[in-house]
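Subject: Structure for you to look at

Hello,

Please find the structure below, followed by what was found in it.

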Amino acid sequence: MTDAIPYLSGRAPAAALTYIKALPGNRADAGRAADGAEKAVEERLASIRFYGAAGDAFGREVRIALPAGGWTIGEIRRVLSARHPDAAVDPLDARLRACVADTIVDDARRVADGEVVEFFPPLSGG
Amino acid sequence: MSVAADVRLAEAPFLPEQELAAFVASLGGDDGAVASFVGLARPRSAAGAPVERLFLDHHPRLTPRSLEDIARDARARFDVSAVRVVHRCGEVAPRAPIVFVAAASRHRRAAFDAADYLMDRLKTDAFFWKREDGPAGAAWIEPTAADRDALARWS
């Protein structure tokens, strides 16, 4: 949970937000980019799915472009927090559990190309 | 003796009477008791506000798995020959059935206990997120202290 990646530290991780601009709603922009650099960014995508209250707060599914080497779950939380400072669900709240491949993972888990990250708020039960 | 469990996540409304009839019809010859329970979506929230609909968000794999785990635990814990769990997901109208459980056994106590246990586990451990939508807005809800106390009876 250290700020090893400079653009993720502080209040406004501008570079991180540049990456996250390649979200589904903005994919047309990414598709128009002819240069190789943007195309490479577009190809390193991870999907993030949100359930329950988190789905209402962040959208049911978003895609983020990963920097080289991927992001950790903790870094994704911080990007979400910066992007949604007023969200009803706090992405940094440990009760919002992260899950990859149907397994709960901790914040140090690095997300690779093509992986799906799911965030689960506390269960309601049936 | 083989022990059967039938678990279904229902995306559409279901009829509890049909579930019960099918369950009874599926039983073997040694059963002497069937206990069942039907849960209905409440038209009012715990605070008394009108609820226009209930939304049960679910996970495509982990929610069915949680229902199967709970049914398996009930089978292992009680002397039952069969259990059935049907649970709605998606949008549920007020007063519509949201859950059906049934258990069968040679004698009634095991069937009653298994159905009771199934419901207590489902209320806290089933993999759902529940939202009540009403005129005043939407509210996500979590298990109550009463739900947790009910579950604690089995520990």
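A polar contact here is a pair of N or O atoms within 3.5 Å; within protein, one must be able to donate a hydrogen and the other to accept it, and residues adjacent in sequence count only if both atoms are side-chain atoms. The model is predicted, so local features need pLDDT of at least 70 and side-chain atom pairs count only at pLDDT 80 or more, whereas totals for chains, interfaces and linings use all residues. Residues are numbered from 1 along each chain as its sequence is written, chains are lettered from A and ligands numbered from 1 in the order in which they are written, and side-chain values use heavy atoms, with hydrogens and water left out.

By that rule, 14 residue pairs are in polar contact across the interface of chain A and chain B (both at pLDDT 80 or more). Five salt bridges also cross the interface of chain A and chain B (a side-chain nitrogen of Lys or Arg within 4 Å of a carboxyl oxygen of Asp or Glu). Arg95(A) and Glu142(B) form a salt bridge through their side chains, at 3.6 Å, N to O.

Chain A brings 16 residues to the contact and chain B 22 residues (heavy atoms within 4.5 Å). Between them the two chains bury about 1,700 Å², 50% of it on carbon and sulfur atoms (accessible area, 1.4 Å probe, lost on being put together, summed over both). Of the area that chain A buries against chain B, 38% comes from Leu123(A), Ser124(A) and Gly126(A), more than from any other three residues.

Regards
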